[in-house]
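Hello,

Here is the structure I promised to pass on.

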Amino acid sequence: MQHFNPSRSGNAAMGSQDEPPPFPSHIKITTYNDWPFSRYREENGTIIGEGYAFELLKLLIRKFNFTYTIVPPREDIIGNEERGMLQQIYDGEVDMAVAFIPILSSFRNICDYSAPLDEMDTTFLLKRPGTSATGSGLTAPFSTRVWYLILISLLVVGPTIYLIIYLRGKFARDEKAEKFTFLTCMWFVYGALLKQGTTASPMGDSTRLVFATWWIFITILTSFYTANLTAFLTLSRFTLGVNSLDELVYGRYSWVIVNGRSIHTLLPIESDDTRMLVKSKSWGYGYVTREYNMSYNSILKKVKDGRVFILERTLAQMAIFEDYRNKTRDAMDEERKCTYVISESNVLARPRGFAFPVGSTIKQHVNSEMIPAVEGGLVKHFKLEKLPQAQICPLNLKSKERRLKVSDLMMTYKVVFAGMGVGVIIFLMELFTIFIRWVARHEAFRNCCRRNEVKGPSEPEDPWDYPKKTDTNFWIRTPPPVYQMNEEVSHKTYSINGRDYYIVKEETGDQRLIPIRTPSAYLFQYIH
């Protein structure tokens, strides 16, 4: 397959000194297990390579007619000048690294890179959550800021209505003016928000206008809330709780990457996104596995354990497709097939390409063929070739019907339990208050009895002393005794505030004051 290269034609016209040396007839290459991009295995005593990188290598073989030998690295990682594939490149053990390696400026002193073959599309593979990241069903229709504004409106409108009513009653001096308390106004505002009726009937025009304005506001607000709540509970669309590195780190998610692969190679590089991962790893949330050649089941098992797997999107799609196909063979229900989900954002975008020793003579030959192939979409074709055309287990399942789950109504249960709990607590407080009052009255009764026992019948008592003793029950007052004015009644009088009174001792031992007036002295016992 021939491609026209203007730079090569121009250089040939200027002189043969700028022509690169011919492509060697045999080269040594290195690669590592990073499926589906590259992989090597031994077959009949010979190491052979597979993956997208070796599909591109076949194009170079057709063009330059050479052979190669694979020299695997001692440690199956990208590495640096001390280990891995880059160590082989740095020491000159091989002529080219056939793998998708991140192009990093900090490694320019170790190796040269080819033209970019693709861009890392790094995503999160995680277990599909049962609920949307937007929150529970009751709070989902509005954002947090809207809920705060509604709360502020409650705290502002109630006092405003009370102030208008108070000022109108203060200055209008209308006997028929409404006299609503502050708590009544707050209860009206709260009840109207929940679309409840009210017994408040304002008389003034200003108060009626405020009431009507609040009702209009509530009508519009509740209409939007009802419509959005219906859409949220009936549609399957939801968002994930982790879509970026910020949400991954500050959401305290546990994550895992493979040691020595592209993502792990980026961690020592100082950048904003890699610093986030390093910070999360220092907090104990990051895990680096050394299972280099992981199967799809191994990847999904770590996700099933509750971790977020950070990996290439193509590999994540292939793992989900394999899991979906296995569950289809087992005749599982449709809603149980899509257990895992992939985030939509690309969290670590870096160009990748082949690697060569510094000053390599074959780099220019490789670029002359790779640039047209990549621009023609060959790498994208390789990525989509092993995936189904239909999207498998997307974030939005787009199902026609959706049954409500317990998790959708969890906030409802919380509100009910919280309200009942507060009601029980208040009820217990009321019982405790009644008990305290009963104890206080009982103690007062016992103290009164002690004072009467200590004083004796001959000692004068306070005529206004309460509570009175009874022979039956403290809570039931006995009717006043009938006084008989006879010889046994003491005729000793006392003058109080200029009036004369008899002092009469009752059968219970209490003393009563009877005014000395002929009609009132005998009628006092009937009208008291």
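How much of the chain over residues 146-165 is helix and how much is strand, and how far apart are the end C-alpha atoms? The stretch comes out as 100% helix and 0% strand, with 28 Å between its end C-alpha atoms. Helices (H or I, at least four residues) and strands (E, at least two) are DSSP runs, numbered from the N terminus.

Some ground rules: this is a predicted model, in which local features need pLDDT of at least 70, side-chain atom pairs count only at pLDDT 80 or more, and totals for chains, interfaces and linings use all residues. Residues are numbered from 1 along each chain as its sequence is written, and side-chain values use heavy atoms, with hydrogens and water left out.

**Annotated segments**

The unreviewed UniProt entry annotates residues 146-165, 177-194, 214-235 and 415-440 as "transmembrane region" (positions follow the numbering used here, feature names are shortened, and annotations may be inferred rather than shown by experiment). Residues 415-440 are also 100% helix and 0% strand, and here the end C-alpha atoms lie 37 Å apart.

**A pocket**

The second largest pocket has a volume of about 610 Å³. A pocket here is an open set of points on a 1 Å grid over the protein atoms alone, where a 1.4 Å probe fits, with protein on both sides within 12 Å along at least five of seven lines; lining residues have an atom within 4 Å of a point. Points are joined across faces, edges and corners, and the volume is the space filled by probe spheres set on them. Of its 18 lining residues, L138, W147, L193, L194 and Y225 lie nearest the centre. Helix 4 (144-172), helix 5 (182-193), helix 6 (205-234) and helix 14 (410-455) each contribute at least two residues to this lining.

Five strands form an open sheet in the order 10-9-11-8-12, with mixed pairing (two strands pair if DSSP finds at least two bridges between them). Strand 10 (286-289) and strand 12 (340-342) are at the edges with a single partner strand each, so one side of each has no neighbour in the sheet. Strand 9 (residues 255-258) runs parallel to strand 10, joined to it by four bridges, and V256 sits opposite Y287 of strand 10.

**Two loops**

W35 and P36 are joined by a cis peptide bond, with omega about 10°. P36 belongs to the loop between strand 1 (26-30) and strand 2 (39-43). N44, not a glycine, has a positive phi of about 55°; its place is the loop between strand 2 and strand 3 (46-50).

Best wishes
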